[in-house]
Amino acid sequence: FEQVLGGLERSTLPALVFSSGMAAIAAALSLVPEGGTMVLPAHSYNGTLGLARELEAAGRFTLRPVDVADTDQVLAALQGADVLWLESPTNPMLEVADLPALLAAAKAQDVLGIVDNTFATPLLQRPLELGADLVVHSVTKYLSGHSDVIMGALVTRDEALRTRLHGYRTLHGAIASPMDVFLALRGVRTMAVRLERSQANSQILAERLAAHPKVSVVR
């Protein structure tokens, strides 16, 4: 499964699976240096935001929440930051970030770029190709897709970074079980079909809602 997910995200390295999406998120947040600064969407996934705020309250690092759909605001917040955390689309607000522009700016300022790609999946976007240093997945959702697995994953092209995260996973005991990994690999085989049907159904719902006399469409 790690080899398959690494390949889907266009990495030459296998992914790293974790026992849950939050375990993968915790490992990724460990990359923020002590006393450092992290820029992240104000409407990040609730678990990410909750853990990040807890770590900030403990004095681990400082947070700079931003409107991730406002590219200029995010670019301004990058000054002096150590990590840029992005979700696109965000969970649950579905805000979309300009990943190429933001990741390029982060790279130019030596800011580590991390992208949660859970909602889009590597079938719709591949953040590593856009300049991200690390990709985060809740495998629980689209990747496994059968509501019988809880798992997370991280993907990078940087061997030193992968080694560091592998060490974190080992020492924190966040490894996924063999059976869960088997089920996740089974789920990936149906992801393309599930994603296509999900998009088709969403399009029909959007069109019907837009045409309904009691629904106001805000653009």
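The following legends describe close-up views of a predicted model.

**Figure 1. The seven-stranded sheet of the predicted model.** Seven strands form an open sheet in the order E1-E7-E6-E5-E4-E2-E3, and their pairing is mixed. In general, the strands of a sheet pair through backbone hydrogen bonds, in either a parallel or an antiparallel manner.

Figure 2. E1 and E7 run antiparallel and are joined by three bridges. Within this pairing, valine 17 has alanine 153 of E7 as its bridge partner. Helix H5 packs on the sheet, where it touches E4 and E5, and the direction of H5 makes about 170° with that of E4. Helix H7 also packs on the sheet, with contacts to E1, E6 and E7; the direction of H7 makes about 25° with that of E1.

**Figure 3. The packing of helices H2 and H3.** Two packed helices are described by the angle between their axes and by the distance between the axes. Helix H2 (residues 21–29) packs against helix H3 (residues 46–57) at an angle of about 40°, and their axes are 10 Å apart. H2 and H3 are therefore oblique to each other. Their crossing is right-handed. H2 contributes Met22, Ile25, Ala26 and Leu29 to the contact, while H3 contributes Gly47, Thr48, Leu51, Ala52 and Leu55. Of the residues in this contact of H2 with H3, seven are nonpolar, two are polar and none is charged.

**Figure 4. The surroundings of tyrosine 168.** Tyrosine 168 belongs to helix H7 (residues 159–172). When residues up to four places away in sequence are not counted, tyrosine 168 touches Ala26, Ala27 and Ser30. Tyrosine 168 and alanine 26 are separated by 142 residues in sequence, yet their C-alpha atoms are 9.6 Å apart in space. Ala26 is also one of the H2 residues in the contact with H3.

Figure 5. Proline 89 is located in the loop that lies between strand E4 (83–87) and helix H5 (99–108). The peptide bond leading from serine 88 to proline 89 is cis, and its omega is near 0°. Proline 92 is likewise placed in the loop between E4 and H5. Asparagine 91 and proline 92 are joined by a cis peptide bond with an omega of about 15°.

**Figure 6. Positive phi at aspartate 110.** Aspartate 110 is placed in the loop between H5 and strand E5 (112–116). Phi of this residue is near 60°, a positive value in a residue other than glycine. The relative accessibility of aspartate 110 is 72%, so the residue counts as exposed; the cut-off for this class is over 50%.

**Figure 7. Positive phi at serine 147.** Serine 147 lies in the loop that is found between strand E6 (134–138) and strand E7 (152–155). Although serine 147 is not a glycine, its phi is positive, at about 60°. With a relative accessibility of 76%, serine 147 counts as exposed.

Terms used:
Residues numbered from 1 in each chain as written. Predicted model: local features only at pLDDT ≥ 70, side-chain atom pairs only at ≥ 80, totals over all residues. Heavy atoms only, no water. Axes fitted to C-alpha atoms, helices over the stretch in contact; angles between N-to-C directions. Helix = DSSP H or I, 4+ residues; strand = E, 2+ residues; numbered from the N terminus. Parallel < 35°, antiparallel > 145°, perpendicular 65-115°, else oblique. Left-handed = near helix turned anticlockwise from the far one by under 90°. Contact = heavy atoms within 4.5 Å. Nonpolar A, V, L, I, M, F, W, Y, C, P; charged D, E, K, R; others polar. Buried < 20%, exposed > 50% of the residue type's maximum accessible area, 1.4 Å probe, protein only. Pairing = 2+ DSSP bridges.
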